Amino acid sequence: MYVAVKGGERAISAAHAWLEETRRGDAAVPELTVVQIEQQMGLAVDRVMAEGSCHDRFLAALAIKQAKGDLIEAAFLLRAYRTTLPRFGASEPLDTAAMRLRRRISATYKDLPGGQVLGPTFDYTHRLLDFALAAEGVERAAAPEAPTPVESAPRVTELLAREGLMQREVAEDAEPGDLTRQPLTFPAERPVRLQNLARGDEGFLLALGYSTQRGYGNAHPFVGEIRVGHVTVEFTPPELGFPIELGEIGVTECQMVNQFKGSRTEPPQFTRGYGLVFGHGERRAMAMSLVDRGLRAAELGEDITAPAQNAEFVLYHSDNIEATGFVEHLKLPHYVDFQSELENLRTIRRSAEAAIQEAAE
Amino acid sequence: MTQTATNPDPERRHWMAVLARAGAAEITDLLAPLPALPAFEHLRPPETGLVMVRGRAGGDGAPFNLGEMTVTRCAVRLGEAVGHAYVAGRDKVQAELAALLDAALQDPARRDALMDSVIAPLAARQQAAREAEARRAAATKVDFLAMQTIR
């Protein structure tokens, strides 16, 4: 329990003024613009859009500036802002097979239709600090262009599915549950789980995904495919009655291929874990797909032994806005609460001491 | 223009798609040398809201809610025609211009000129940008020649 406490207004206002000053930093150093953050801190912007569950690059960059680079705080700001906007409706499901690819790799097939396209990746960099970046105004060579542009490519999972070796997805167009409208309930259907994971904390998803690789969940995953690029978003305005294109958004998709020994109803085959996130978020999409596969244990008749297979554990703790709210509320005044604990402890102490005294006498 | 939900005019879908991807400044610049469009009235002034973006499990399975995106919409009346716009982002000027052009383009007397001097150049720019990116991606395509030589 926390009670309203008066008297802190002056201190709070001074604290906020100082916060603002520290956000700005040394006034002799030029101030960052929101567009600079959007352009040059693009992956931070992507993460804030994913965890804030709202695709708007400028708003995410503004939130990062306001939060002094605290990305969870920034996602919180974005989530708070979205509540002020009306909802026009839901888009048509994205067609990721038609993605305009910037990157597309497979760890399962060397030669595949469409090929291995590395795109702008940190992979194969040497992870040595580049001190040239500390110098301003250094001209960088433009990225090369090939004469023939890449085209959209079929999904790797589809190649396996055609052979009957990959479990097909259920393509029912049921209205999916929406966590922004209904609270989480169990058992949680896969669409709700995927929504929860798509906006889950990257660190939490990464650790859980890692745990499935280390033996907590018995996964033997392969990256069937990772694709990064732009997809067209279509929406059907009720007043028009036909779908129109709203524009394009950047997304990252990961198809994680896992072995499945088969069950009474299903033959031995590959199954998939799926990751889809806003922006370029490969680590996040991969972790999401590992955890998605972990959470499919129940539907596939596997033993639930590991944290990443426990839907309540995962889904109740993945949201960093909720988590930070509950953890950080501990620093709010709990004076009355604590006073009663103190009273309680003193009473117990007194009776314990009295008992010892009595025993001694 | 007659159209139904089951039979949308593909040309209209095309110009709406192009306008959704165009910046307000670009559209304004292309409209500048043209005769001014007549006065229009707002049926719905520009308004920013959210559309819930959906994906599919596994890419091709059951739909799920991925997250929201900001979208700005506007509806205008221009003579007989009603123009609509729903565009990604929060640019109200862009949404209003897109709605106005959607209305104007429905008028057969104006359509060809607007298609030629506004929609076609925007579409060409967008296509060029897409192709430049796709060529950049193609430059990063792995060519397993070295592996073949080893074999």
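What you see is a predicted model, in which local features need pLDDT of at least 70, side-chain atom pairs count only at pLDDT 80 or more, and totals for chains, interfaces and linings use all residues. Residues are numbered from 1 along each chain as its sequence is written, while chains are lettered from A and ligands numbered from 1 in the order in which they are written.

Let's start where the chains touch. 52 residues of chain B are in contact with 68 residues of chain A (in contact means C-beta atoms, placed from the backbone, within 7 Å). Among the elements giving two or more residues to chain B's side are helix 1 (10–20) and helix 4 (108–139) of chain B; helices here are DSSP runs of H or I with at least four residues, strands are E runs of at least two, and both are numbered from the N terminus.

One example is Arg87(A), whose bridge partner is Leu50(B).

Now look inside chain A. In helix 7, Arg193(A), Leu194(A), Leu197(A) and Ala198(A) meet Met288(A), Val291(A), Asp292(A) and Leu295(A) in helix 9.

Finally, find Leu165(A), in the loop between helix 6 (156–162) and helix 7 (190–198) of chain A. Leaving aside neighbours within four places in sequence, Leu165(A) touches Leu160(A), Gln269(A) and Phe270(A). Its C-alpha atom is 8.1 Å from that of Pro268(A), 103 residues apart along the chain.

Definitions and conventions: Two residues are in contact if their C-beta atoms, placed from the backbone, lie within 7 Å. Two strands pair if DSSP finds at least two bridges between them.
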